[in-house]
Amino acid sequence: MRANSKLVLFRRRLISFTYRVLNRLQFFPITLLYVWFNAALKLIVLRLGLGVVRVGSATGDVSSLPRDAMVWLGSASSGPPGHQFDVCLRLSRENAAAELHDVFSVALTFPRIQSVGLYWDSSSLDDDLHILQSKRDRSRRALTALHEEIGARGSTQLVEFLHSDHGELVLPVATSRDAQTLLKRYAGAADVVCLNLSMELRALADAVVRACPHIRFCHFSPEPPESAGAANSQSFFGWGLTLHERMALVQAADAYVGAFDELGCTAVISRRPAILLGGGSGVQPDRVSRDGIAVWLPGQPDPTALTKMVLQFLSDRLAARTK
Amino acid sequence: MNDNADPRGAGGDPEKPMIGIYDFSYGPYALGDALTWTMNLNVLASAAGCGAIDQYLVIDPLRPGSRYQPFVNQHNYVSIIDSLFPAFLCSPLLRSLKIIRHPPGFNLFLLREVLRRRPMWPSFFSHLRRKLDFISHRRINAYYRRHGQLPLLSAPRGYGAWADAFRRTHCDGRFVVAVNIRQGAFGLAPANLGRDSPLPEWHAFIRRAAARHADVLFLILGGYTEWDREMLRLPNMLIPRAMGFGLGHELALLHRADLFMGSSSGFATMATFCGKPYLITNIQDLFSFYIDIPVGARHYPFGTENQILYWEKENQDVLLAFFEELHGRLRERPAL
């Protein structure tokens with residue numbers, strides 16, 4: 001057993017050494033050797049059944065592709081430590097919307113995803129699956145089981161996302177640094193809460209901002225509420241922040257209250273205290289909670305009760321954090 | 001305009017894809033180069049009778065940048081590729097796009113395509129020699145000479161309809177001028193600052209043009225850091241980045257604009273290859289070698305009378321004169 005693990009270790013080191021040497025010598029014909037070596041390595045990985053590929057389909061009616069893709073990727077990229085994933089996403093050419101960039105940004109934040117394929121054609125996807133899948137997974141039944149319809153299960157998928165373990169979410173270091181710096185300058189040691197509320201919920205934003213003068217609020221909504229001009233409140237819409245930058249702010253803040261979109265998913269994956277509002281479809285539960293840290297309210301609660309609940313939640317969670 | 005219509009097979013075999021490889025270990029992270037690469041793919045696909053394009057973007061996280069961009073490293077490449085991604089969505093023939101950050105996986109794909117003898121750009125041998133001609137218009141000019149037209153770039157996949165809606169909502173039937181003023185000094189990785197354009201001249205031009213033509217709306221394109229605060233004070237002006245939009249939206253807006261004006265840079269490349277009327281200023285003399293026209297030439301070989309090149313550094317008078325010339329001609333043109 002011991003001799004065997006030594007052999008495995010030696011083999012790994014040899015492969016790693018060869019890879020690094022060939023990668024340094026980037027001239028012909030070394031590059032040809034590099035190509036053959038890498039292709040052989042990948043074939044071995046597939047033979048050993050270590051290739052993991054996830055296939056999602058978003059050809060139907062998807063309410064928010066970046067959010068639904070993030071929910072799917074968050075679940076799809078969880079697994080045993082060290083596992084890497086290839087992800088294929090079948091998209092519709094006819095229903096394409098202006099959100100592919102956000103889907104790509106979301107996919108980049110999962111470091112265990114080693115390749116992302118976007119396909120507007122079934123034949124090219126099927127063709128590539130032969131390269132991405134382990135041999136034993138290439139049966140028709142396995143292929144069918146592999147495909148997941150993104151966003152098709154509506155609220156059920158969101159409930160599962162809320163309760164499940166997720167793949168690690170890593171933002172670019174400069175983005176995280178800038179978010180930390182911004183909040184340091186803006187709030188100092190005060191608690192920071194991100195508000196991502198629609199126009200209809202602006203009264204909630206105003207009430208919460210007024211009731212908590214000791215908390216600093218960051219608004220992301222395109223239509224900032226009246227309170228966005230208050231001393232403890234700042235609208236970040238119009239600051240030209242990328243999706244990664246907004247996600248980094250959610251990660252750097254102390255709590256999140258707002259839509260169950262990509263920012264809401266970021267709060268859940270990063271285990272920030274969060275109240276998520278709306279965003280479900282189909283049959284919806286009244287309220288879903290994960291250990292009291294993340295609470296999802298899919299419906300439209302009474303505004304007064306909602307304000308009371310949000311204030312109580314912030315008071316409890318932020319106090320618990322400092323204990 | 002419907003960018004989402006399936007163009008496959010339009011003049012090419014939809015079952016015969018062209019393979020495009022953009023390996024960032026020798027290809028630059030740059031908007032103009034990415035768009036020129038896409039245009040070259042369009043041209044080569046069309047010439048080879050291919051009705052679809054499969055694109056491979058390859059990044060080795062251990063060595064994510066080429067020797068020309070040593071500032072790209074494993075900790076920042078994600079931000080850099082993220083800010084460039086929509087540029088790779090501009091081919092109407094695009095059938096699949098793979099972003100691979102694991103070289104072994106890509107090399108198996110590569111060998112498969114080589115064994116199938118699929119048309120590929122760069123060629124397998126060029127790829128092995130780490131050679132990619134991402135600047136020159138050699139193939140594009142040759143295609144134009146042979147066919148008298150070019151397979152143009154479209155708005156990024158999915159963004160065209162959004163741009164149409166934006167025009168209806170925010171532009172209200174006005175004459176839309178997309179503007180990009182190169183400001184490398186304001187960029188996140190400052191380089192070639194000599195190619196930057198004089199901002200005060202552009203401010204003055206926009207003020208004068210807006211005073212004379214109330215129907216004109218200027219859309220200021222470029223990264224959020226790449227324009228100064230004075231821009232926010234100008235009349236008849238919108239800044240999509242300050243409205244929460246990104247590069248994909250900007251490229252689509254440029255595609256749907258009535259005119260493009262700007263310095264020789266990435267957005268100018270989009271205007272060049274999407275058939276827009278344009279004025280491109282401040283072109284470097286050494287670029288003449290790559291685009292195969294003499295310094296001072298007024299048009300590209302495939303350019304029309306409304307697609308003008310200006311090689312000098314611009315000033316407000318020059319900008320206004322060219323604008324009035326183009327505006328006058330384009331306003332007379334019947335609406336499509």
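Visitor: At roughly what angle do helix α4 of chain A and helix α2 of chain B cross?
Guide: In this predicted model, the axes of α4 (residues 100-108) of chain A and α2 (residues 77-84) of chain B cross at roughly 165°, and they come within 10 Å. Because angles over 145 degrees count as roughly antiparallel, α4(A) is described as roughly antiparallel to α2(B).

Visitor: Is that crossing left-handed or right-handed?
Guide: The crossing in which α4(A) passes α2(B) is right-handed.

Visitor: Which residues meet there, in α4(A) and α2(B)?
Guide: On the side of α4(A) they are H101(A), F104(A), S105(A) and L108(A), and these meet V78(B), I81(B) and D82(B) in α2(B).

Visitor: Okay, and what about α5 of chain A and α3 of chain B, at what angle do they pack?
Guide: Helix α5 (residues 122-132) of chain A packs against helix α3 (residues 103-115) of chain B at an angle of about 125°, and their axes are 10 Å apart. With that angle, α5(A) and α3(B) are therefore called oblique to each other, and α5(A) passes α3(B) in a right-handed crossing.

Visitor: Which residues make that contact?
Guide: From α5(A) the contact uses D127(A), D128(A), I131(A) and L132(A), while α3(B) brings L108(B), F109(B) and R112(B). The residues in this contact of α5(A) with α3(B) divide into four nonpolar and three charged, with no polar ones.

Visitor: What do the side chains of D127(A) and R112(B) do when they meet?
Guide: The side chains of D127(A) and R112(B) form a salt bridge, with 3.7 Å from N to O.

Visitor: How many salt bridges are there across the whole interface of chain A and chain B?
Guide: Four salt bridges are found by the rule across the interface of chain A and chain B.

Visitor: And how much area is buried between the two chains?
Guide: About 4900 Å² is buried between chain A and chain B, and carbon and sulfur atoms give 58% of that area. In terms of residues, 53 of chain A are in contact with 54 of chain B.

Visitor: Which residues are involved?
Guide: R67(A), M70(A), V71(A) and S75(A) of α3(A) make the contact with Q157(A), L158(A) and F161(A) of α7(A). The residues of this contact of α3(A) with α7(A) are four nonpolar, two polar and one charged.

Visitor: New topic, the backbone of chain B: is the peptide bond from W121(B) to P122(B) cis or trans?
Guide: The bond from W121(B) to P122(B) is cis, with omega near -5°, and P122(B) lies in the loop between β4 (120-121) and α4 (124-128) of chain B.

Visitor: What about phi at R130(B)?
Guide: R130(B) has a positive phi of about 55°, although R130(B) is not a glycine. You can look for R130(B) in the loop between α4 and α5 (138-147) of chain B.

How values were computed
Residues numbered from 1 in each chain as written. Chains lettered and ligands numbered in written order. Predicted model: local features only at pLDDT ≥ 70, side-chain atom pairs only at ≥ 80, totals over all residues. Heavy atoms only, no water. Axes fitted to C-alpha atoms, helices over the stretch in contact; angles between N-to-C directions. Helix = DSSP H or I, 4+ residues; strand = E, 2+ residues; numbered from the N terminus. Parallel < 35°, antiparallel > 145°, perpendicular 65-115°, else oblique. Left-handed = near helix turned anticlockwise from the far one by under 90°. Contact = heavy atoms within 4.5 Å. Buried area = accessible area lost by both parts, 1.4 Å probe. Nonpolar A, V, L, I, M, F, W, Y, C, P; charged D, E, K, R; others polar.
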